[in-house]
Every structure is written in structure tokens, then in C-alpha cells.
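Here is a short briefing on one protein chain. Please look at the sequence and the model before reading on.

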Amino acid sequence: TTIIKVLLDSYREMETCNFKSLSLDTHITAVKYISDDRILVGLGNNIELFTTAGNCVWRGPVLKHSNVHGVTIGKPNCLTIFGEKNVVRTYWGGNFSEIIHKDQEINLRDWVWDVKDEGTDGIICLLGHNQVVFHDVLSNATSKSFHCQEKCILYCGMLLKETNEIVVFSGTVFQEVIIWRINLTSEVSEILHRLQGHKGVIFSIYYSASEKLILSTSDDRTIQVWSVDSDPGEPDWSRVKISLKLRLFGHAARVWRAVVQGRLVISVGEDSRIIIWDLTGKVVRSWEGHNGASIWSIDVSPDGDSFATGGSDASAIIWPTIDNSLEDFDTPFVLSGPPPDFQPSNFYRSIHALGKGLLLATCDQGGLYELNSQSKKILLLYKNENMKHYSVISICKVTSRIAVGNLHGEIFVLQYRKVGSLEFLIKQKVMESKIHFISWLFRDTLIVGDGKGCLCLMRIQDYTRLVILELYCLPPAKQCWPNTAVVFENHLVCGDRSGSIHVYCMQYRQENQDRQDTQDRQERKGMEDVQDKEHMKEVKLTKTASPKYSLKNFHGKKGVSELLVLTNQLWSCGRNGAVSVFTMDHQAHQLLEVCKYQTPMAWVGSCLPVTDQDTWILGFHSTKFVVWSVSQQRDLWTKECGGGHRSWVFDLLTDKAVLFHIREGNLVSDEVPLRQLTTRPLRAALHGREINFSLFLQPWEDVVFLVTASEDITVRVHRIGPSGITGEKSSVLRGHISSIRCLDICKIEDGPSHWSGILVSAGGRGQFKCWTVKCNKRGDEVELFGIEKFSHSFTEKVLERKPWMSHDPNLDPDTRCMACCMFRKNSTIDIIVGLSDGHLKKLSWDMDSGIQSVMTSGLESNCILSMKKFYWLDDRYCLSGTTDGWLSVWRVDDLSAISQIRVHQSGINSLDVLMSETSLFVITGGDDCRVTLLELSGEKERFDKKNHQTFERVHASQISGVKFFDRQTILTVSIDQRICVWSLEGSALRLIRATCSSIADIRSLSVTQFKDEHLLCVSGEGVQTYHLSGLNGILK
């Protein structure tokens, strides 16, 4: 009776406590076009079905505990999905909208490499020991079994079903491809062909019936292309001649997959490169995708216009294929020779975009020409002797007004009204010397700069003159003139030739939209009748304004190339190859850098927003023009053009992107089909490498973010929605020079619509960074960004006159920050970092004064793996666990170890703390697969052990995360991919509920309370989030 009662109670708890997987982001191990407009993506034991437009139609698990490795299309609306040793047949609704039925999952005794669907009769499976089995789905039993005469272990394989036979391609560990045909009259089949030549195990085999080619990829980083010589029609594989056609070298690591698309070969591999080859062995195109992560899978669309790839960064992307039409774009096209009124001294000086394929070109003799890039017609619009030999030009995109500055300090304002028509408006001297810079800020407002650091804000009045509104000055510099200026958040932001960025307060404000509309209507009636239409109070010029804030030499000595406002943020482009994104601190009139992109270019010229998710960065590297994608972090297009010192325009037309530039005195255009530059992401990318740490950030009860730190040296902040990690653009914090091992966060201020905190990230090279994280809430929209406050490295050597007198130990440059925690006391932040050399470091940072001080612990031990902070008797403490199993209690104020207890035989990977009025409870999980529970009693100077319980073999491998729910209920995760909820009953742990995660090598566990349920996350080779429901009843 007692046993039955215990079992019933346990069953009731298991019924009430449930794990529900919300989102899964891990390796994409399969992609498959199942129709012209549907793509199936396999990750973990889940599949996701997308339209080619990128919309997710269906997602969910299909295999119990196996990763999806492949998909086979059977009869209409039937897909057979396999992975590891399991196979399942699924039936879908019309146009593959959802699964309406799923057969019983088949569990085979060996690894499954390929599957063919035989309809109602069953399925054919190629197994890992070169064996083929016929499996009856209805009876769930193997009906027939055949094997090759060579029984060897396979690393890949393919089944080719011909009209009257089944041919098997087996990739073996013995570095060869074996081709054999199933002999239905015998269990043993003879080998037809051996394809040798690889120097490593075979990872994939692909056969193209149309091109009669066999592709094999290998551990030796090569692709071998084999030609099949046979009679027309289906080949007789016993008589065909197979010869090696090509051996392709180009990948820097193992090659996972290769496919044929038309007359091209596409290969992907561990080096994250996608390489397209022609059938002569030439590399047609090569680029890096998936954030440097391994690319596991590839498939070509049925029409051959695109192909899809999946990588270990959890992203799936549709790429355009390369067709023969690209040959028409290889050669630059000369739009125009020298100017029509050609003289030996006349030549083109600059070109500018008028829109819709129209260009404005200036020449040395003072002429302005209109060039139609479609019809190739060139017209002289205006000519003035005062514009000879030098001019700077700005075109207002709203009004099509053209402002020209010359050597004599004069400004010309011209109105471009229609093709071939340019109307003169204003000529006025505004400077005493040459005008170095001119730009439209608003529809009728200009900013003008000379070479002495003077800036004039001017406005057109009565269409007859320019009125000076405000004057600004640049700080003294060797090259004191502006390169670019823009209005951002009611501030004038200017970038100069010395690489500095300056912020000025503006008294002038742009007129409201009603007055602009009135002005537009009056312009259409006739400018000569417009009287008293400005209604603007002129600003009295009392003095020249100096910058309120400056970022000196921010982009290096070569200068700032462009400033522009995109999505309410300021983007700055520099000739040092960097692009920075800023927001504005209105109280301090300061720019706060929220993101920085270090491109592979030497000179960034401009930024071009193309979609809501992507912005292109345009610039030059050596003599090549480069288009670089922010979202994909890669080059989209490179073109030899001679370098960035020439005038150029990049324009997007209907179906192509065009680079116009001046070369050898001619106007030249280079074109590329727009489809070759655009990709369609199906799934957003996560990290390119393993995730070491994750934690939840919950600024408000209904808003949750997940912060992850990775080996790819980035920190990402993801919004968590009802279905887990959302597809919204995540914030990326960059700047670490090595892998990031740990995170911690503390709140600074909060309110109903604003929250801010301090985030610490630490990792390799003894480096940690401190970020200000700000979150703004506007209705349902939530915006979050991080700003780096400071960076510190414990391995940096400080030059001292007497370094031998320093008390700090000599740190190895390879010393890593392994764990960290943070305390706040008034305006002081104390950051405690555990190092791989066994020391603890405390950095105290005053947020008001910025003063920093460092303290080092005196106790030396083994590498610190984990830390946990807590308060006891109004004092601050932290726990640390080391690789030799010792648990230490540290007092934060003087960084002294007040207690040490040996709790594990090896490393302590995780800790958690629970406090009562009289005791401190500590739970630890270690490499020895044990969970240890300690009860400590203590005062300020010492903690003593009251009770010590050890639970053996809680998991099958190292325990990487532990968490207290209450004194009797704990949560554990392990490298064995199990997540378990346990109840502590006396001296035993009783399992309440367990689930198996699809995340391999779990390294971190995070838990938070969300809407009366527990939200938890495990991270390692990806991230998986869960709702843990029903636990509150058990806790009560």
C-alpha cells in the first residue's frame, strides 16, 4: 500500500509538471525543397516548413530523441524523415500546410544514411554497415535485408532507385566510394565499382542524372567529380565507365556537401565557405556565409534559380544561383567619353546621382552635364566661368535643387525641374575663401564650410538670396574643414577631415509639415507671386557656436567620409574601414556608440539601407569597390575600379545595381543583377560558435530578454516572446578579442517605460567589458541597446619603474576570466572575476567619477569554474568552485576566503544558493556526475558546515547547471542533454520530471519567473527555451 501510494503521488506530480519547448536554435542539419515554393528545414528533432518568401508555415518535433538528417519525398503530400537510427513517415495537408498524420516511428539497429519511400509497401533504408533493409511500415518489421560483399562502416551513402534496380553508393571510412547493386536473389551483392583517390573518409555522395556526374566530398578538403560514360537513357551500372574528371581544391577545412546545379558545382563545408565551380575546375564565385559557422546542408531548388543552405549558426538562407547572363556584366561599360565640348584641358571632375538612372557630371571648364544611363544621352545643362577648375556639389533629393560652391567662396543654387532643364535661382558670395564643403540639411537649408573651420547654416529666402541662420566653428586641426554633416535629434553633427565627429546644439528648427505643404502649393503656382511665406524668426548671430561634444580622431587621420541617419540612429562611415552606430544623450549632448562594424575595407564611403533587416556598406579595398552586408557580415560584390580617390555613384535600378565612376577620363558603369546581391534568410542567425553562458534579463514583468555569450566573441540580446526567441533583430555587442565565458547584470534605474542596467562580460585574455544596457518601452514596441562604458584586461602589463615591487602576480597572457559576479553599492559597482590561474580579482568602478581600482585575492588555487553571489547579515559574499572540487566562500569587501570545503572529486561547473533565517543552502554540480547539497551556518567571519549530502550518478555525464526552486525541489542539466526536476526526500533524490534537449554540449542553465510559470533556457551548441508549468503547485 505504501509503495502504491508513493507511485501515485509521483505520477500526479509528473502529470502536473510539464516541459514545453518554446524555441530551438541549433545546427541546421537538413534543408530540402519539397515543392517550388516550400522548403523544409531540420534542426535537432524538429522540422520547420517555410515558404520561399521566408514565412514559417509549420514547426514542431517529428522524431523523439534523434536529430533530423534527411528528408525523402514519397507519394503526394508524404514526407519520410530520418535521423540517426530512426525513421518516420509524415502525411501533410494540401500544399504542405501542416502534418495531419504521422506513422509510428521506426527504430532501426543501425545508423540510417538514406531512405527511399516504396509507398504502401514500406521504405528502403541504407544502414551504417553497408546494408540495405526493406521495412514494412504497417507491421513495423524488417521484411528483407541485403548487404554488400564488403561489410564496412559508412560515413555517408545514397540510394538510387532506377526502373528495375536499386543502386547503392557507399562512402566508406577506407577513403573510397563503393557502388553496388542489390541482388534480389541473394542476401550478398557484388561490388560494381570502386572510386578511389580521396585521402580521408567520405562525407557525402551526390549523383546528377542530367549531367551524368558523381560528386564525392571528403575529410581531405577536396571535392572529386566523376564522369559517368554510358549509353543514352538509364545507365546500366554494371557496364558504365566511371573516370575522375576533376579534383577540386579550395576549401580550408572539411567539405561536408556538394551538389550540381546546371553546369556548375556548389560545395559547402566546415570553413563556412560556399564555393561555386564550373566544370573546368575554375572557381566562379566564393564567399563566406553563416557567420563563420560550419555549413552542414545544401539543396538546389527545382527550377535551379536558387539554392538553400543551413549552418551551425541556426540560420537557413536562400541564395541566388549564378547563370550565364552574368557574363554580360563582367566588362565595364563606357557611358560617355570626354565631355562633348572636348578640349585638351577639359575633363570630367565629379558625378552625382539625380535619381532614376540620371547622373549629373561636372567638368573642369565649368559645365554641368546630364547623363541618361539608359539611353546614354548627354546634355549640357549649365555652364559658368566661375565654376572652372573646382566645384563642390550637393543635390537635395526632395526638391531636386542643386547647390554648387566654387574657389571664390560663391554659391550657385539651381533648380532641376525635368529632364534636360536646369533653372538658375541664386548666385551669392558667402565665404572669403574656397568652399570646401556644401550639403543640404533640409529642403531649403544648407550647411557650408571653408578650409579654416568655419561652418554657416544658411536658408533660401524669397528664392533670391541666402540668409545666414547660425555660425559654427570646428576645433583647430591641421586639416580643418568638414567632410559631412547631418541633423540628428535637433543637433548638428559634423565629421571633419581629421577623423573627428563634433556635436553642436541648433537653435534653428525645421518648419512644420503644414508650412512645407503650403510652400509646395505656392511653388507650383509660381515663385514670383510668393510673398511673406516664410513666417520665420531669424536668429540673431551673437557669436560662433563651438561643439558641445567631440569624438576626437574617431575615424583616424584619413577622415570621416559620411554621416547619415537610419532608423532613428546616426551612422558614421570612416576612411579607417569602420562604421559606427550612435544614439543621442540629450542631457549631456553626447553621442553614445551602440554598435560598431569593422569591415574588411580600407575606406568606407557610404551606407545604403536596402531592407528593414539589412544595410549595405559601400567602400573600397585597395583598387576594388566593395559592397558589404551588415546582416550577413560578408562581401556581396567586389569590382575592380581603380580605387576610392575617384568620383563614384552607386545606384539601385529596377533589376540591377550599378556603379558609376570616372576612369581614364571616361564615365564608366559596372553592373550586377540585383538578384545576385540579395538573399532570403529563412531563419535568423544566432552565434557562429558555441554558447558559453546565457542569462535572462527581465526589465518588466511582461518583457523578457535572453543574453548569450559565445566563443565567436560577441554578446547577443534576444527578445523572448510567447513562442521563445523571436525573429526580431537582436542587439549584438562586439569588442572582445577572445571567447566570452561569463555574464552578469545589475539594475541601475527602472520606470514604466525606461530601464537601464550594467552588463559585465568576461572571457579570454583576462579581458572583461562593462556595458550600459538601456531598454525603452513605447506601447508594444520595446527597444534595447548596449553601450560600452569601459574595457579592462588583467593580463595587460603596466610599465612601472620598479615592476619587481608590484604585489600583483605576473599574469600569463593566456589567463582567462572564467566566472564573474557584480555588486552595486550606491554609485559604486564592484565586479568580482574568477580567473583560470585560481585568483579572484575585484574591480571597483565609481559610475560618477569613473575612478577604477583593482584588488587581488591572496589565496591561490586551481582554475575557478563557477561563481555565485549572495548577501548574508547585510554583508556581501560570493562562492567559487574550482577544477579540483573545492568550494570557497569569499568576503567581497577585502576579498578574503573565509571558508573552504571539498565537495567534489573534480571540477565544480555550477552553483546555486538558497537562504533561510538561520542557514545557507548550497547546491553544486560537478564533472564527477554528482550533485552535492550543503547546509552552512555562519557569521560574518566564518561559515561552518552543518549538513552535507552527496547524490551519485544523477546524470550520465558532467553536470553543467543546477538551480534551487525551493529547499526540496531542484533543477539539473548535464552534457547528457537531460533536464531533470528533482524532489529531495530525506537522503534521496526523486525524479519528478525529465526531458531530453536537442542542444548538445550544454554549458549553461538560466531560469526566471514569467507569467506564473518558470521560463528556462539551456545553451551550448545552440539555445533551447522551455516553459516549465505546474511546478508552482508542487512547490506549494
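Which residue in strand 50 stands opposite Trp-571? The residue opposite Trp-571 is Val-581. This is a predicted model, in which local features need pLDDT of at least 70, side-chain atom pairs count only at pLDDT 80 or more, and totals for chains, interfaces and linings use all residues. Residues are numbered from 1 along each chain as its sequence is written, and side-chain values use heavy atoms, with hydrogens and water left out.

- Four strands form an open sheet in the order 48-49-50-51, with antiparallel pairing; strands are DSSP runs of E of at least two residues, and helices are runs of H or I of at least four, numbered from the N terminus.
- Strand 48 (560-566) and strand 51 (590-598) are the edge strands, each with a single partner, so one side of each has no neighbour in the sheet.
- From one strand to the next the twist averages 25°, with axes fitted as lines to C-alpha atoms and angles running from 0 to 180 degrees between N-to-C directions.
- Four bridges link strand 49 (residues 569-574) and strand 50 (residues 578-585) in the antiparallel sense; pairing requires at least two DSSP bridges.

- Strand 12 (residues 123-127) is largely enclosed by the rest of the structure, because five of its five residues are buried (under 20% relative accessible area, with exposed over 50% and partly exposed in between; 1.4 Å probe, protein chains only).
- Ile-123, Cys-125 and Leu-127 point one way from strand 12, while Ile-124 and Leu-126 point the other way.
- Strand 11 (residues 112-117) runs antiparallel to strand 12 and is joined to it by five bridges, with Asp-114 opposite Leu-126.
- The hairpin of strand 11 and strand 12 has five residues between the strands, and Gly-119 in the turn has a positive phi of about 75°.
- Strand 13 (residues 131-136) is also antiparallel to strand 12, through five bridges, and His-135 stands opposite Ile-123.
- Three residues lie between strand 12 and strand 13 in their hairpin, where Asn-130 in the turn has a positive phi of about 60°.

**Thr-309**
- Thr-309 lies in strand 29 (residues 306-311) and counts as buried because its relative accessibility is 0%.
- Its side chain makes polar contacts (N or O atoms within 3.5 Å, one able to donate a hydrogen and the other to accept it; residues adjacent in sequence count only if both atoms are side-chain atoms) with the side chains of His-290 at 2.8 Å and Trp-319 at 2.7 Å.
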